Each structure stands twice: as structure tokens, then as C-alpha cells.
Amino acid sequence: MQDQIFNEQQLWTELPQWQQLQLWWQQQAEPQLLQMYTELQHQLRENGATFDPWLEQQRQLDLMPWLISDAEWQQIQAGIKQRQLLLALVLQDLYGPQLLLQQGLLPSELIFQNKNYLLPCHQLVPNHQQWLSLLAVDIGRDSKGQFCVYADQSQMPAGLGFVLEHRLAFNHCIGELNHSIGKSQLAGFFRKLQLVFAQGTGHTAEGRRPLCGLLTHGKRDAAYFEHAFLANYLDIALMHSADLMFKDGALWLKTVTGLQQVDSLMRYLPDARCDALELDPDSTGTAGLLQSIRQQQLLCANPPGAALLDSGVLLPFLPQLCRALLQEELQLPSTAAVWCGDPEGLLQVSSDAKAFRLRRVDTGESWLWAQLDPIQQHQLQQQLLADPGLYIAIPLLPLSTVPCWNATQGEHQQYGVLRLFGLLSEQHSPAVMPGALARISPDPLSLQHHYTMGFVAKDVWVLADQDHAVSLLQNTQKRILLSRHSGLLPSRVADHLFWLGRYNERLNLVCRALRYTVPLLTSAGVSSLQASASQHHDSRALVRFCLQANGTLPDSATLSSLQQTSALQQSLSELFSLQHPAGLAQVLKNLLFNAQSVREYFSEDTWYVLDKLQLALTQWPHPLNWQQPQQMVRLLDEVILLQTAIYGLNNETMSRTQTLRFMDLGQHLERALQSVTLLQEVFVFEQGHSCSASLMESVLRMTDTLMTYRRRYKTELHPLAVIDLLLLDDSTPRSVGYQCARLASQIQQLPKPGAAAVLSREQKLAVELVSLLQLAEPEHLFDDQLMATPELSRLLQQLHTVLRQLSDSITLSYFSHAEAGTSWQSF
């Protein structure tokens, strides 16, 4: 078998570009290659290849590109175009007149028992182009060195965004090599894809800008970030099923300004999960999606039902189908798949089962014989003999090997496969992306069995005389209508932005509190458990604030235990734990969840800082070393600095639209809530205790207001002056008064769901907040012994209640569009 393995390098040796690549490679020292390889992986992590918050990178990019000559590409391209047209015609027939079944070209039982054949999709679209706008084709080399198709992907043609990401990473990291070798660029294909979606079904009302979207699932996995990356590049909206609703025969997107009709969807959801009304009732799909496609109000690429191709059910019959429908032979051959319902095919599979990948069409299960133990092999053989008509056997290809380079093995050979992408539409000629998703592995079987998110990829270069355009942003000679329209803001996106602002501010405030709490618990007196009562009171107040900052209120037992210094240290250690539900790691996870859910709204620099932030928070020492507090303080300083950078980047790069407004609302609402909680813990919680000068100084340092205080009051620390500065003074950026004024200003500019002349509930709550502070009598907040009075406690509690009500009201009015309920995220 080994002598049948084809090496891609045998084809490349005659190419001038390969000789140029070899020459460049020989000129690079080992450290330079390692540096470029490391930079490539870092670029993937910044772009979202690392979707796990704790940096378990799932995908890597090999340093050596996969070269395809222009002559070979022309053959591949012609074969993909023919195949996409053929498969589209087959789908149109199977969901239409079913002549192929009547003529015996396809076995009826194989189609109707297939789990991916959906009866509700009968006559769903009017022409074959709409059945298969996008197609992904998996190919590998056979024992003769010829490319051969072993799978088609139409339900969710995964990898399109990865191809783009890999090319951009190469452009960024290895520019010298990238520009010295002429190759076809990818932008032309994506530009055609944009045009197809912009034109939709042709029923968009005149004067209305088409609304295009990419429909994705809600999981935060590698596929989700591919979808976000692709949607951002194509300048289309990233949508979830919950963002959509069916009304008046069309699909509508819920936005903060109302419903907007959707014209085109690139669908990355499983067929059965797309429509909870006509398909799987247990799914979260959008009821009415199929009906909107039927009424030609929506172009869906690809419509539900197209996944019939993914089962491999057509592979054994494609040559005869091609002759019947196109009067041609297949230009790009398929692997010689076998339907086990044919006695000869069953005999062939039974005699050499290890040479095939078996697939059951009614369940979608797939097996490799070599990966089964003897008991499993026997069970599968019995199932196959009992009902052979339900099985397709797909021969395994030997595949070719390609030269590779990585940091551990250096230059070596691995097996490789390619995934190609085709585009079909009514208005444009068929197109094939001049590149591919290349996956490599030392195991040729795993490449053909399952497509997983964790793999090693290659950038694929289709060689050409010169480079072409590399960007979707092109110069134009046409007259242009100036616009400051920033696009629609879906309610779900506004929700994520709002909570991103809240969690970012929450993390910042907790880190600031810890920065001044750690030294209090690690001084010499505390280490020997002989701290003064005043110092213990100070640290206890700050630890209580940190414990409840993430919405986890300490129980009475926990509060009682905080009377002991060791308990304070233990509670603080838990906040640094990666598993603690109210710790810093959990706040960061929530922050990243919301940021990754709207990643298309942020600049590359912002993602670079977010990457640094999660790196910093995974470097906490655990367990904490209380003998070296400086290490913890330095880490907290780094986190605070990175968060300040995020604030600055967002304010410098994001337009002053509703997008930034909702994030700003979340940030200032959270700062107001946490500041009120901090003042309650410091001045009100422990009755009969006045606030010490050291604790007031720590609070002023935490809130970056110490210099302001000193300019006003020199060195005298007085609780009323601190309360005035941090609660009532609306000119201090960290005060509650400033936050409430900022909230009132931002809420005034939100779209009003009701009559414009009437104050919205959010405006009324904002007015109430400002009024509470303006009507407060400062001299009544402390008594002669400098103890907090009931008036201060009552004021802080009222502010806390109204702020919570404001958060819920914003959620109901702009995110859930409900009359009653609570936010989908916990406090």
C-alpha cells in the first residue's frame, strides 16, 4: 500500500514557483522559521481560533503552503462547477417531480428512509440554483495520484471562514514570501458571494436596502467564531434564531428600533433545527422560516433539505445521474461508493470491509471498520446483513502526502485533503473559490472519517502569473451617496453589548478592590494573626464587597466566619480560583462570552487586548502565596491597565451610535451599582463603627479620586467629604452622581418604543435617580460621632433598588421586547 501513496512534491518539482519557494526556504535560519510559525499561531488565536477562555488552541496553521498549478486547477474548477450543477438538479427533482425515482436511476427506499430527506421541503424553491447556492466538496488523491471526491457538504459548508482567516494570517505574518509568488486571490469569490446575497430572490422593495445575515447557532465554539469572522468580512449581520420572527409571509430581524425584513440568509444550522413549526418542534429554530422561503421572501443558502447530499447517498449513482441529466461524464470523479442494497455491492463490502467507511442513512451514523473492536465489528456485520439497503459504503482513499513544517518536527511529510467551495446563482455564472481548506494529519483515515474543529491546516495557493485584488473594499468611479448609517443593531447584540459593559466594569472594580485588600491581609501583623481591630475591620469591609460584587451574596455563616483573619484570607483565595462561581475567572468568562458573541463589532486592537487580558488572568498563583503579595498586586495592576486600554480603544474606534451607547449604559449602570454597594459596606454595614481613615483612603485610591480629594480637603479625611465626592458630586467621573447623570443623558438618546411626547419608563427611572441625589441633605447623612445615619442607609438602598429596576426595564424594552420578565443574564 505504501508504494501507492502519492507525494504532492512530485508535481511541484517542475513548477518555477516551487523552486522559488525552496530557494526562499533554504535562506531562512531555523530561528526565523520558528518565529514565523509562532506568529502564525498567535494570529489565529487573536482571530478566534482559540475559543476556549483558557487558551486550549483547537486549530493550527502549517508554515508551508499547499501549491496547486494553474493547469490542474482548471480541471478541478471545471469539475466542481459541473458537480454543483448536477447536484442542484438532483435536489430539484427529488423535492419536485421525482422523475429520477420513477425511472429507477435512484432507489426510492434509499431516499425516503434517509434522515436528511425532509418531506416538508417538497417544492420549497422554484429552481435548482436556489437549492444549492453554496457547496463544499472534499477531495483527496487516489492511488493513481488523481483527485477524487469522497464527500459533499451542503447543510453547513464549514471552513469558508477558516480559508479566509488562514490567507489573512499568511499575508500578515509572511508577507515577503506571500507577495513574491503569484497566486489567485480569494476576494473575487467573496465579492460574488456578497452580490448573490444582496440580490436575494429579487423581491426586495424598491428603495429598501437588502438585509443579509448569517444564521448561526448559540454555542461559543470554533464554528461560531468562524461564522462571526465570515459575517464581519462579508459585512452581513450575524443572527441567531432568537433574533428572528415570522410575520406577513416574511422573516424579520428584531432590532432596538423595531422589526426589519430579512432578504437573504447564509444558513449554518442543521436542517431539522431551522424551523420549530414544520421540522423539529423541540428545536429553537425560527417558526415560519420554510414558509418565508416558499413565498420567495427569503433567499436561503442552502435551504433545509439540501443536507440529503451530505449523507453520501448519491455517491454510488452520480456517474449515471450525470449522463442522464447533463449528457456528460463526470469531470471530477467520485470515489467508487457502493450501495449495500445491491447484492454485488454487499458482497464487495463484506469481503473487504476495512477498505470502506460505512454510513447508515436512516440514523446518519458512520463507522471505520479498523477502529472497531471484534465485538463491534460482529455487531455491525449483523446489522448490515439484516438490512443492507440502509447502508452506503465509501472506499477510503490512500491520499497524498505534502511537505509540512512545525515547531516540534521541523520539515516532514503528512497526509492531506482539500475542501473546495462552489457558488451557484441565477444572476451570475458559477464560481469556485481559487483556494481551499487543507487539513493535514499523520493518519489518513481520520481525515476522511470526521470533520472536527481541532485540526492542522494549510493555506492553499492556486498559482497564477500575478496577484489580483486582495480586498473587498475597492475604488469606484461612480457617484456615491454619502451615508452615516452604521447598520442595524439586533436586540440580542444590544443585550450582549450592555452586559459586556457591565462585566468589564465589574472586573475592573473587583480588581481595584483586591489591589488594596491584599496588602491589608499580608502585613506583618496579619501574617502573625495579631492585626489591630481597625485594620481587621477595614479588610473585612473590602472582602465583603469583593465577595458580593459578582452577584453572590455571602450567607450569614460566611459573614460570621469573616471575623477571623484566616477566614478573610481563605475567602480572598477563593476569588482568585479559576473554579469559584463568584471569582475573577467567572467574571472574565462572562465578559468574554459577551465579547465573543458580538466580536464583529470590535477592532483588531481590541481583540489583541482581550487576548492579553485572558492570558493575564490565567497566570494567577494558586494557592496564593501570602508571603509574596507583590506578585498578586502586579497581576492586578496588569489587569486594570488592560481594561483601561479596552475602555480607551472602544471609545476611540467605535462610532457614537446605539452600539456604543448600550455598552456605555452597561458600564455606567454597573459602576453606579457597585459604588453604591461599596459605600454600603464601608459606611453602613457595621452599625456602631465609624469608618477609619485608612479605609477611607483605600476607597479613594480604589476609585481614583484621592488626588481630587486632597486638592479640596488637603490631608483631612472626613466621611461626609468622602460621601459627597463619591456619591453626590456629579462632576467626579467615579461618583454615583456622575453615573446617574450619564445614564440619564444616554437614555434620552435611545429609540423610544412608545409615543415620543411621553417619557419612557427608563427616562422616568433615570430622572428618579438624579432627583434622589439632588434632594439629598448631606448634613443629615452623618451624626456628630461621624456615624452613618439611617438617612444614608435609606438613600443608598433606594439608589440600589432604582438602578436594578432600570437594568430590568432596559432589558424588557430593548432586548426581550416583553411586557414582563427578567433579563436572560443573572446579576
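**Notebook: Ser-807 and other places in the chain**

I began with Ser-807, which touches Phe-498, Arg-502 and Leu-669, residues up to four places away in sequence not being counted; contact here means heavy atoms within 4.5 Å. Ser-807 lies in helix α31. I looked up its accessibility: Ser-807 is buried, with a relative accessible area of 4%. Buried stands for under 20% relative accessible area, exposed for over 50%, and partly exposed for what is in between, with a 1.4 Å probe and protein chains only.

**Basis of the entries**

I note that the model is predicted, that local features need pLDDT of at least 70 and side-chain atom pairs pLDDT 80 or more, and that totals for chains, interfaces and linings use all residues. Residues are numbered from 1 along each chain as its sequence is written, and side-chain values use heavy atoms, with hydrogens and water left out.

**The chain as a whole**

I recorded 31 helices and 21 strands in the chain. These are DSSP runs numbered from the N terminus, helices being H or I of at least four residues and strands E of at least two. Of the 827 residues in the chain, 59% are buried. Among contacts between residues at least 6 apart in sequence, 73% join residues at least 24 apart.

**Helix α25 and its partners**

I next followed α31 to helix α25. The axes of α25 (residues 658-684) and α31 (residues 790-815) come within 10 Å and cross at roughly 160°. Axes are lines fitted to C-alpha atoms, for helices over the stretch in contact, and the angles run from 0 to 180 degrees between N-to-C directions. The two helices, α25 and α31, are therefore roughly antiparallel. For that term, angles over 145 degrees count as roughly antiparallel, under 35 as roughly parallel, 65 to 115 as roughly perpendicular, and the rest as oblique. By class, the contact of α25 with α31 has 16 nonpolar, six polar and one charged residues. Nonpolar covers Ala, Val, Leu, Ile, Met, Phe, Trp, Tyr, Cys and Pro, charged covers Asp, Glu, Lys and Arg, and the others, Gly among them, are polar.

I then took α25 with helix α26 (residues 693-702): their axes come within 11 Å and cross at roughly 170°. α25 and α26 are therefore roughly antiparallel to each other. From α25 the contact is made by Leu-678, Val-682 and Phe-683, and from α26 by Leu-695, Met-696, Val-699 and Met-702. By class, this contact of α25 with α26 has seven nonpolar, no polar and no charged residues.

**Helix α26 and helix α28**

I listed the buried residues of α26 as Leu-695, Met-696, Ser-698, Val-699, Leu-700 and Met-702. The axes of α26 and helix α28 (residues 719-728) come within 11 Å and cross at roughly 15°. That makes α26 roughly parallel to α28. Met-696, Val-699 and Leu-700 in α26 meet Pro-719, Val-722, Leu-725 and Leu-726 in α28. By class, the contact of α26 with α28 has seven nonpolar, no polar and no charged residues.

In helix α14 (residues 343-351) I found Gly-345, Leu-346 and Val-349 buried. They cover an arc of only 100° around the axis, which puts them on the same side of α14; the arc is that of the directions from the helix axis to the C-beta atoms. The face of α14 turned away from its buried side carries the exposed residues Pro-343, Glu-344, Leu-347 and Ser-351. The cover over the buried residues of α14 includes β13 (338-339), β14 (356-360), α15 (374-386) and β16 (391-395).

Asp-342 is placed in the loop between β13 and α14. With a relative accessible area of 34%, Asp-342 is partly exposed. Asp-342 and Gly-389 are 47 residues apart in sequence and 7.6 Å apart in space, C-alpha to C-alpha.

**Backbone notes**

Most residues other than glycine have a negative phi, and most peptide bonds are trans. I looked up some exceptions. Asp-235, in the loop between α11 (222-234) and β7 (237-239), has a positive phi near 60°. Asp-235 is exposed, with a relative accessible area of 61%. Leu-399 has a positive phi of about 65° and lies in the loop between β16 and β17 (400-406). At 0% relative accessibility, Leu-399 counts as buried. Asp-704, which follows α26, also has a positive phi, near 55°. Lastly, I noted a cis peptide bond joining Ala-301 and Asn-302, with omega about -5°. Asn-302 is in the loop between β12 (299-301) and α13 (318-326).
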